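Welcome, and thanks for taking a look. Here are a few notes to read alongside the structure.

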Amino acid sequence: MGFFKKLKDKINNQTDQVTDKFKDGMEKTRDSFTSKVNDLVARYRSVDEEFFEELEEILISADVGVETVMTLIEELEMEVKRRNIKDTSQVKEVISEKLVEIYYDGDDESIEEINLNENGLSVILTVGVNGVGKTTTIGKLAHRLKSEGKNVVLAAGDTFRAGAIDQLEVWGERAGVGVIKHSEGSDPAAVIYDGIQAAKSRGADVLICDTAGRLQNKVNLMNELAKVKKVISREVEGAPHETLLVLDATTGQNAISQVKTFKEVTDVSGIVLTKLDGTARGGIVLAIKNELDIPVKFVGLGEQMEDLQPFDAHQFVYGLFGDLMQEESNES
Amino acid sequence: MAFEGLADRLQGTIKKITGKGKVTEQDVKEMTREVRLALLEADVNFKVVKDLIKRIKERAIGQEVLQGLNPGQQVIKVVKEELTELMGGEQSKIAVANKPPTVIMMVGLQGAGKTTTTGKLANHLRKKYNRNPMLVAADVYRPAAINQLETLGKQLDMPVYSKGTEANPVDIAKEAIDQAKEDHKDYVIIDTAGRLHVDEGLMDELQQIKDTVQPDEIFLVVDSMTGQDAVNVAESFDEQLDISGVVLTKLDGDTRGGAALSIKAVTGKPIKFAGMGEKLDQLEAFHPDRMASRILGMGDVLSLIEKAETDVDEKKAKEMEQKMKDASFTFEDFLEQMGQVRSMGPLDELVNMMPGANKMKGMKNMQLDEKQIDQVEAIIQSMTKKERVEPDIINASRKKRIASGSGTSVAQVNRLLKQFNEMKKMMKQMMGGKKGKKKGGLNFPFM
Ligand SMILES: Nc1nc2c(ncn2[C@@H]2O[C@H](COP(=O)(O)OP(=O)(O)OP(=O)(O)O)[C@@H](O)[C@H]2O)c(=O)[nH]1
Ligand SMILES: Nc1nc2c(ncn2[C@@H]2O[C@H](COP(=O)(O)OP(=O)(O)OP(=O)(O)O)[C@@H](O)[C@H]2O)c(=O)[nH]1
Ligand SMILES: [Mg+2]
Ligand SMILES: [Mg+2]
């Protein structure tokens, strides 16, 4: 069975609604990527050096990252030789296969699931640089968990940015969950501490902690974050159950540096890739999984409460290659 | 993944061609390959990179190697010139309308920093030009966006015009200007909601605001961490709104900021300001030349040079260079240099600014031992004038005297003498003297 067919079967087993949402959300991304690959395949009859050079550019333009692209191209070249592929249209399949392979690299798909404590309080810590979508993601996630029947509380740990607390409160109202807050300028660790106590006394299932955006090279701010995390681990056994680093899909190579430093300081367990509804392709997550072994757990596909979807590398690639798959099944 | 700057990247290739009189086509090919990777890693758009590489190749092939520059430095020079040219000169002026108020509109993607920059610009206008701005809350979509701007207004003690979230942004902008006229405000800065450049409905709204208020400036606010997509964003906003300038935010981070180059290349519009932090006074004029160096991973080399230039007068530097070349560099000179270097700032900071420093083992996080440097200084100071100029005369008894004078040991004095000799040899090689094989890096006696 061809790879596209396998991929398609896999997707068909999931609810259509989820897939459509993902597909629609990534429409812009897919259109440009697919048309580029198609165009490439149409222009080159044979698989030669020039073909690979151009393929390299397509991948780079998706922010996949120079190093990962180089590795990928090398592997592709080998694969093409091994399978004795001469026709460019056959390469399409190998490309997507490799992309998924690079992503999973032997891991199974459960790495994408959110990790929660089934009996007792779970704490989710949200971190990231400025303006990536942390607070919005918390609102969406609260809505999601609540509709799964969970009792959710939010803690307004961003006491720094103007209007940050009000913003989280609006999201709390929208999602119908409580928000624990202090006044602007107060100690974030103290807010989180209070959030934990409130969550415990309310018998909540999940506490989601917002934090102020901070650039990873600000040592004192990163120390502050380490302190917040320490309070969480001290107050709840096994917590935080998830430390989600929020990444903006428009971010380029700096995302690697972000993941590295935030991982060092807070032991990031998963990534939320936001703003994938734009034209940026977020290819950097391939490099991040490949180089730093942190999986993407959710993607943000808009500014509304429902615009958060679980990540699935197959869907991600389907989003990139959906049209190609269509073609193949038409052919067969 | 090591994030190498161009200078680091080129070191391998440079070694191979040092000593050649001409840069050959093959050399250029190898070096431009590295240049290409460096630019791509810095997030410069691949199309922009392609054009640049073409021009660099044309310029670099067949060039005579300039006096005093090795071929690598020469390529860097060409690359830097091309980049600087592309980036244009410094332009941080803000328009002034014939009839006040001058209207500025802030636009951009979600989370880029529009609201913060609105506050920063207002602060800048008041501080630098003694202006009286009014802020306008035209983002009715993002939760608490109005609140955010009002908080900034309070911090600045400046008026913020808002009409709640039910009003239409076009009406808000229009009425705000009437209000500003009435209140004799000379600047109006309109904060708009973040939006995707492909969101037709919302882009249309900006167009309507523009048509209604006829702004004197439209600033596109862009996050400096943006990757390859920066060209699409900038191109779209510019096509639809004909922006007048760009503000690049979050440059206080460690991003290379190649997006700057991409944006300039596709829009031709000046990047006017740089956001350097979250606070309202952290806005700076944008320096294209510094940005060019930063993208190449040499920003710090440049500031090092700048620092050195202001501290050392040129004639002296020339003299020093000559001394390094003919190996007549003495302990006396060394002492003077050390003094100059130390006056430039904390040493570990300076070392980290040097290209290649992050590649040297253990160098990156190394705390340079200031105590050790004090010792070196003390040893030299305990030498007589003659000994400093002619270290060869330092025999065993002199060594003993120097050691006790500086509170060190004879072994330490010996080590310094040996290292100083090696350093002199190295300098001679580096300064374009005879070619010779080089082992390891440059070893200053205090490292
Ligand atoms: N299009 C789109 N916009 C998003 C998405 N997620 C967040 N945003 C927008 O991005 C902007 C910033 O989002 P916030 O949630 O405030 O980001 P943050 O990381 O909390 O920001 P700071 O707390 O200031 O660091 C807002 O305008 C959000 O509406 C997404 O998935 N798609
Ligand atoms: N470190 C740093 N942070 C910045 C800078 N400019 C803005 N920020 C931060 O980036 C985040 C987003 O800034 P905003 O001003 O809310 O961005 P915006 O474009 O108005 O966002 P939306 O209205 O949601 O589209 C906030 O956390 C700001 O404090 C900067 O130059 N440096
Ligand atoms: Mg926030
Ligand atoms: Mg805003």
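How many residues does the contact take from chain B, and how many from chain A?

1. A word before the numbers: this is a predicted model. The contact takes 33 residues from chain A and 32 residues from chain B. On the side of chain B that touches chain A, helix 2 (25–41) and helix 6 (145–156) of chain B each supply at least two residues. Helix 6 of chain B gives the most, with four residues.

2. The residues with which chain B touches chain A divide into twelve polar, twelve nonpolar and eight charged.

3. Next, please find ligand 2, which lies between chains A and B. Around ligand 2 there are 26 residues, and the closest are A:N130 and A:G131 from chain A, together with B:G113, B:G194 and B:G275 from chain B.

4. Which helix gives the largest share of the shell around ligand 2? That is helix 5 of chain B, residues 114–129, with three residues. By type, the shell around ligand 2 divides into 13 polar, seven charged and six nonpolar residues.

5. Finally, a look at chain A by itself. Chain A has eight strands and 13 helices. Of its 332 residues, 52% count as buried. Among the contacts in chain A with a separation of 6 or more, 78% are accounted for by residues 24 or more positions apart.

Terms used
Residues are numbered from 1 along each chain as its sequence is written. Chains are lettered from A and ligands numbered from 1 in the order in which they are written. This is a predicted model: local features need pLDDT of at least 70, side-chain atom pairs count only at pLDDT 80 or more; totals for chains, interfaces and linings use all residues. A residue is buried if 20 or more other C-beta atoms lie within 10 Å of its own, exposed if 12 or fewer, and partly exposed in between; C-beta atoms are placed from the backbone. Two residues are in contact if their C-beta atoms, placed from the backbone, lie within 7 Å. Ala, Val, Leu, Ile, Met, Phe, Trp, Tyr, Cys and Pro count as nonpolar, Asp, Glu, Lys and Arg as charged, and the others, Gly among them, as polar. A residue is near a molecule or strand if its C-beta atom, placed from the backbone, lies within 6 Å of it.
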